[in-house]
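Please keep the sequence and the three-dimensional view at hand while reading.

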Amino acid sequence: MLIRLLLLAATTLSAQPTAREVIDRIRAQVGVPWTEPTVDTIKAGDPETPITGIATTMMATHDVLQRAAAAGLNLIITHEPTFYSHLEGTDVLAKEQDPVWAAKEKFIREHKLVVWRFHDYWHRRRPDGILQGMVTALGWTKYQNAATPALFTVPETSVETLAGRIRQTMKIRVLRVVGGQNLKVTKLALLPGASGAVAHRRLLQRDDVEALVIGEVPEWETIEYVLDASAQGKRKALILMGHVPSEQAGMENCAAWLKTFLQDVKVSFVPTAEPFWMPK
Ligand SMILES: [Zn+2]
């Protein structure tokens with residue numbers, strides 16, 4: 001009996017792949033050659049940790065880590081940073097002096113979590129895994145331009161109705177709109193996340209883009225540009241979903257994709273809470 005139990009325990013243990021093995025399998029499936037430099041690296045934890053379950057998420061916030069650990073998911077696959085900047089620690093204040101950073105690292109260590117970022121290659125995959133998840137969630141697949149997947153032609157709608165629908169569909173607490181108060185549009189562009197003002201302006205310069213839907217941007221870049229375009233009588237509007245809501249469905253899509261080839265590990269999508277709230 002004891003031998004059988006030991007054998008059972010041994011098979012259970014050996015059946016658990018390590019974080020490194022899981023990541024290698026994902027890299028092999030992406031369909032894009034892996035090149036350096038990339039931000040898609042382990043941010044915390046031991047790569048040799050046996051994996052009991054995988055959580056995909058938009059942002060490995062402390063709250064997400066707590067929920068993943070409670071659910072027995074110890075490999076966190078996060079789209080955005082864990083430690084507060086794109087390059088996570090090589091470009092910002094020393095982490096040794098930061099109490100928030102230290103507490104988060106301690107939680108990861110104590111719960112034997114491994115946090116891996118899956119950003120560059122989830123976007124580089126064709127179709128872009130984030131865009132694909134978002135377009136499906138928004139119900140825009142039928143409006144998508146085949147040659148340029150960021151562009152859409154929708155039945156004519158006011159910017160206000162469009163923004164309201166996006167807000168309702170994606171359950172966003174704080175969505176902001178710039179310009180286009182009385183504008184009716186059919187031509188949209190969607191750039192989730194923070195693609196940067198240059199990418200935003202390239203789209204806004206096109207005649208086939210009236211409303212641009214993005215995650216976020218500093219308020220003195222694309223926002224000022226759309227305000228000026230509106231003041232000049234140009235047919236332009238900007239809808240800011242917020243970064244997390246603008247990409248979140250893309251990481252739910254990632255969980256679905258992982259399940260197609262990671263049959264021996266539990267995979268769950270752990271949603272990241274929208275950070276903003278409005279006073280009543
Ligand atoms: Zn992204």
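The text below moves from the overall layout to individual elements and residues.

**Overall layout**

The model is a predicted one. The protein has 280 residues, of which 36% count as buried. Its secondary structure comprises 10 helices and 10 strands. Taken along the principal axes, the box filled by the C-alpha atoms is roughly 80 × 45 × 40 Å. The domain assignment of the protein gives domain 1, covering 2–126, and domain 2, covering 129–245. The centres of domain 1 and domain 2, taken over C-alpha atoms, are 32 Å apart. Among contacts between residues at least 6 apart in sequence, 71% join residues at least 24 apart.

Helix H2 spans residues 19–29, and its residues Ala19, Val22, Ile23 and Ile26 are buried. These residues lie on the same side of H2, because they cover an arc of only 95 degrees around the axis. The cover over the buried residues of H2 includes strand E2 (54–59), strand E3 (75–80) and strand E4 (114–117). After H2 comes Gly31, which has a positive phi near 85 degrees. Pro37 is located in the loop between H2 and strand E1 (42–44).

**A sheet of five strands**

An open sheet with mixed pairing is formed by five strands in the order E5-E7-E8-E9-E6. Strand E5 (151–158) and strand E6 (176–178) are its edge strands, each pairing on one side only. On average, neighbouring strands of this sheet are turned by 25 degrees against each other, direction ignored. Within the order given, strand E8 (residues 211–214) pairs with strand E9 (residues 237–240) in the parallel sense over four bridges. Opposite Val213 stands Ile239 in E9.

**Helices H8 and H9**

Two packed helices are described by the angle between their axes and the distance between the axes. The axes of H8 and helix H9 (residues 222–231) come within 10 Å and cross at roughly 25 degrees. Angles under 35 degrees count as roughly parallel, so H8 is roughly parallel to H9. On the H8 side, the contact is made by Ala197, His200, Arg201 and Leu204, and on the H9 side by Thr222, Tyr225, Val226 and Ala229.

Ala199 also belongs to helix H8, which covers residues 197–204. Ala199 counts as partly exposed because it has 17 C-beta neighbours inside 10 Å.

**Backbone particulars in loops**

| Feature | Residues | Angle |
|---|---|---|
| Cis peptide bond | Glu36 and Pro37 | omega about -5 degrees |
| Cis peptide bond | Arg126 and Pro127 | omega about -5 degrees |
| Positive phi, not a glycine | Lys112 | phi about 50 degrees |
| Positive phi, not a glycine | Lys171 | phi near 50 degrees |

Pro127 lies in the loop between helix H5 (120–124) and helix H6 (129–138). Lys112 is placed in the loop between helix H4 (99–110) and E4. With 13 other C-beta atoms within 10 Å, Lys112 is partly exposed. Lys171 sits in the loop between helix H7 (159–169) and E6. Lys171 has 10 other C-beta atoms within 10 Å and is therefore exposed.

Definitions and conventions: Residues are numbered from 1 along each chain as its sequence is written. This is a predicted model: local features need pLDDT of at least 70, side-chain atom pairs count only at pLDDT 80 or more; totals for chains, interfaces and linings use all residues. Domain bounds come from an automatic or database domain assignment. A residue is buried if 20 or more other C-beta atoms lie within 10 Å of its own, exposed if 12 or fewer, and partly exposed in between; C-beta atoms are placed from the backbone. Helices (H or I, at least four residues) and strands (E, at least two) are DSSP runs, numbered from the N terminus. The arc is that of the directions from the helix axis to the C-beta atoms. Two residues are in contact if their C-beta atoms, placed from the backbone, lie within 7 Å. Two strands pair if DSSP finds at least two bridges between them. Axes are lines fitted to C-alpha atoms, for helices over the stretch in contact, and angles run from 0 to 180 degrees between N-to-C directions. Angles under 35 degrees count as roughly parallel, over 145 as roughly antiparallel, 65 to 115 as roughly perpendicular and the rest as oblique.
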